[in-house]
Amino acid sequence: MLKIGIVLGSTREGRVSPQVGEWVKGIADKRGDAEYEIVDIADFQLPFLGTTDGTEPGIAAWNEKLANLDGFVFIVQEYNHSITGALKNALDFAREAWNNKAAGIVSYGSTGGARAAEHLRGIMGELMIADVRVHPTLSLFTDFENGSVFKPAELHLDNVNAMLDQVNAWSGALKTLRK
């Protein structure tokens, strides 16, 4: 069975990515087509790339976690028209562990996080992550109460399932390249 990591893309205090990630995981777990798990980059306490000698235990644990996954769903929030610095740093702390895997994006922000998702797609291309087409976008204005309580509209359910269909299909196909 495929192993898909749902990567929380924020580490800031008061973040809502855990709410969005748990929502995606709840939908995914009902499918029974893969093993899904939340992967919180905050748990790895990654230093800023290039500021240390690279021997911190979180770096090795991060790469090991990624290496054991077949695909990803990134929970991406838009900060200043892009992804968070924490997510970019986490992406940069691995290389081969990302290669020849698939990923979907669930984004949120004032414009559904679309600009952040587009930046992430460019980064994923460099890391040899195949990004899927279906991209659920969540609005800070309609899917969050007071910007902090996640209350997604029912219409997003179909998009999340369609995205997961693509992530699983591509992850399975790309797994053959890594054997």
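This briefing describes the overall build of one protein and then looks at its cores and at one of its helices. The model is a predicted one, and it contains 5 helices and 8 strands. With a radius of gyration of 15 Å, close to the 16 Å that the globule rule gives for 179 residues, the protein is as compact as a globular protein of that length.

**Overall build**

- Read from the N terminus on, the elements follow the order β-α-β-α-β-α-β-α-β-β-β-β-α.
- The C-alpha trace spans about 45 × 35 × 25 Å along its principal axes, and buried residues make up 49% of the 179 residues.

**The nonpolar cores**

- The largest nonpolar core has 29 residues, and those with the most contacts inside it are Trp62, Phe74, Leu91 and Trp98.
- The elements that give two or more residues to this core are α2, β3, α3, β4 (101–109) and α4, and of these α4 gives the most, with 5 residues.
- A second, separate core of 25 residues includes Leu2, Trp23, Ile75 and Phe150.

- Helix α3 covers residues 85–92, and its buried residues are Leu87, Asn89, Ala90 and Leu91.
- The cover over these buried residues of α3 includes α2 (57–67), β3 (71–77) and α4 (114–126).
- Leu91, when its neighbours within four places in sequence are left aside, is in contact with Phe74, Ile83, Trp98, Leu120, Ile123 and Leu127.

**A closer look at Asn89**

- Asn89 lies in helix α3, and because its relative accessibility is 10%, where buried means under 20%, this residue counts as buried.
- Which residues is Asn89 in contact with, leaving aside its neighbours within four places in sequence? They are Leu46, Pro47, Phe48 and Leu49.
- Leu91, by contrast with this list for Asn89, has Phe74 and Trp98 among its contacts, and both of those residues are also named with Leu91 as having the most contacts inside the largest nonpolar core.

How values were computed:
Residues numbered from 1 in each chain as written. Predicted model: local features only at pLDDT ≥ 70, side-chain atom pairs only at ≥ 80, totals over all residues. Heavy atoms only, no water. Buried < 20%, exposed > 50% of the residue type's maximum accessible area, 1.4 Å probe, protein only. Helix = DSSP H or I, 4+ residues; strand = E, 2+ residues; numbered from the N terminus. Contact = heavy atoms within 4.5 Å. Core = buried A, V, L, I, M, F, W, Y, C linked by side-chain atoms within 4.5 Å. Rg over C-alpha atoms; globule rule 2.2 N^0.38 Å.
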